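Q: Could we go through this model together? I would like to start with a residue and then move to the metal sites.

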Amino acid sequence: MIAKIWGCRGSLPSPGPENIVYGGNTSCIEVSDGETFLILDAGSGIQRLGRFMGPEVKVIHILLTHLHIDHTMGLGFFKPLYHPDVEVHLWGPSASNDSLLSRIRKYFSAPLFPVRLGDLPNHPVIHKLDESEFEIGDFKIKTDYICHPGPTLGYRIQHGDHVIAYMPDHELRLGSTDFPNNPDWTSGFEIAKNADVLFHDGAYSFAEYEKKVGWGHSAVRDTLQFAKLSQVKKLSIFHHEPTNTDEQLDEILRRNLEGKSFDFEIEMCKEGLVYEF
Amino acid sequence: MPAQPLELILGRQFMDTLSIPAFLVDTQGNLLFYNEPAEEIFGLRFGETGGMKVEEWATIFTPMDAKGNPLRPEDLPLVKTLTTQVPANGSMFINNLNGERVPISVSAFPIIGRPDRYLGAMAMFWKSEII
Ligand SMILES: [Zn+2]
Ligand SMILES: [Zn+2]
């Protein structure tokens with residue numbers, strides 16, 4: 001399988017000369033094995049993905065972690081949605097009352113967007129998830145609620161012996177007892193454990209996090225500890241703050257790694273990176 | 001043991017910040033956590049006992065009515081909540097591990113997560129002067 005990054009910025013698209021290295025598009029990852037086509041989140045990155053996809057892809061599964069705007073804003077600009085021969089499946093978290101369909105409809109309605117879901121040539125097929133396990137093609141997928149405001153899922157995607165874990169928005173410290181020492185009482189642990197690559201929220205430096213406790217995101221320092229606790233092979237830090245430039249992101253990682261050693265690979269996720277297994 | 005669901009993790013985090021004694025149990029009634037104020041009432045320390053199986057902790061305290069008669073398990077608020085999945089409350093006396101007879105009021109409520117997952121229950125206790 002391959003995983004290609006089309007967007008790893010958090011909260012708001014942030015194009016600009018100071019963000020060339022890590023990119024400005026919000027959350028979107030293509031995951032495919034040549035037959036089955038999955039897309040993790042529909043942030044602004046999905047617009048380019050839609051333009052560069054091969055015409056042979058006729059069934060697409062978009063897996064949404066949650067419905068915050070930075071993870072859904074690209075949906076209406078995803079070309080295949082307007083193609084009569086393409087079937088799009090939308091998967092996302094169940095809430096307590098409002099259905100997933102009605103929450104997605106809010107995006108496709110005035111005053112936010114001119115096209116309504118019913119105007120599309122094919123109505124997307126909606127699948128609601130909670131603590132779920134299911135298969136799409138050869139992918140085995142496991143989801144669970146994780147700590148972030150509003151219903152939010154983490155995804156664990158297995159293909160053969162390889163596992164990708166995806167938690168772009170996740171506040172570790174609030175969702176854990178005695179962090180980082182208690183895996184059974186740490187939100188997201190079952191999603192992340194032993195993954196080949198973990199894409200995980202590391203929006204802030206620790207100083208930034210202290211001013212934003214409860215906003216749903218993690219400090220790079222905590223993300224490193226969580227990756228260690230989960231014994232992943234590689235950590236790709238995700239959901240970069242829109243105000244942090246390439247230089248600042250490099251500096252945040254450098255400072256967090258100073259004087260420490262970890263027995264797994266660590267990088268700041270970059271738009272355009274391709275992971276192959 | 002698989003990791004705990006988010007709702008129980010957050011429940012424990014919440015209880016940990018309270019000055020009200022509180023208990024967290026799973027759907028089977030196994031005690032997952034009790035906070036510091038509860039330690040004081042029961043004379044136990046979570047750091048020493050950790051979680052406890054229902055058979056274990058149910059025998060530690062002998063809940064009694066005002067006349068000193070033992071209460072039937074089905075009359076205990078937490079047991080009611082576990083069987084009916086609705087809130088329950090009541091008052092009783094317990095003998096704590098320090099040998100003191102303590103009057104307490106208990107309110108128990110079920111923990112039901114999104115979209116409709118029954119995950120356990122929480123009980124809060126008040127040391128009451130009179131019942
Ligand atoms: Zn986000
Ligand atoms: Zn979010």
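**Backbone and metal sites**

A: Q231(A) counts as exposed because its relative accessibility is 58%; on the 1.4 Å probe scale, computed on protein chains only, exposed means over 50%, buried under 20%, and partly exposed in between. This is a predicted model, in which local features need pLDDT of at least 70, side-chain atom pairs count only at pLDDT 80 or more, and totals for chains, interfaces and linings use all residues. Residues are numbered from 1 along each chain as its sequence is written, chains are lettered from A and ligands numbered from 1 in the order in which they are written, and side-chain values use heavy atoms, with hydrogens and water left out.

Q: Where is Q231(A) found?
A: Q231(A) sits in the loop between helix 5 (220-229) and strand 12 of chain A. Helices (H or I, at least four residues) and strands (E, at least two) are DSSP runs, numbered from the N terminus.

Q: And what is its phi?
A: Q231(A) is not a glycine, yet its phi is positive, about 50°. Most residues other than glycine have a negative phi.

Q: What about H239(A), is it buried or exposed?
A: H239(A) has a relative accessible area of 1%, so it is buried. Its phi is also positive, about 65°, although H239(A) is not a glycine.

Q: On to the metals. Which protein donors does the zinc ion (ligand 1) have?
A: They are D70(A) (OD), H71(A) (NE2), D169(A) (OD) and H239(A) (NE2), at 2.1 to 2.2 Å from the ion. Donors are N, O and S atoms within 2.8 Å of the metal (3.2 Å for Na, K and Ca), and sites may look incomplete because water is not among the atoms.

Q: What are the angles among those four donor atoms?
A: The angles run from 92 to 167°, and the site of the zinc ion (ligand 1) is irregular. Four donors count as tetrahedral if all angles lie between 85 and 135 degrees; four count as square planar and six as octahedral if opposite donors are over 155 degrees apart and all others between 65 and 115; anything else is irregular.

Q: How are the donors of ligand 1 spaced along the chain?
A: The spacing is D-H-x97-D-x69-H. D169(A) lies in the loop between strand 10 (162-167) and helix 3 (189-192) of chain A, and H239(A) in the loop between strand 12 (234-238) and helix 6 (246-257), so this pair ties together parts that are 70 residues apart in sequence.

Q: How far apart are the two zinc ions, and what bridges them?
A: They lie 3.5 Å apart, with D169(A) as the bridge. H66(A) and D169(A) are both buried.

Q: Changing topic, where is P180(A), and what is the peptide bond from F179(A)?
A: The bond from F179(A) to P180(A) is cis, with omega near 0°, and P180(A) is in the loop between strand 10 and helix 3 of chain A.

Q: Which residues does a cis peptide bond join in chain B?
A: R114(B) and P115(B), with omega about -10°. P115(B) is in the loop between strand 4 (101-113) and strand 5 (117-127) of chain B.
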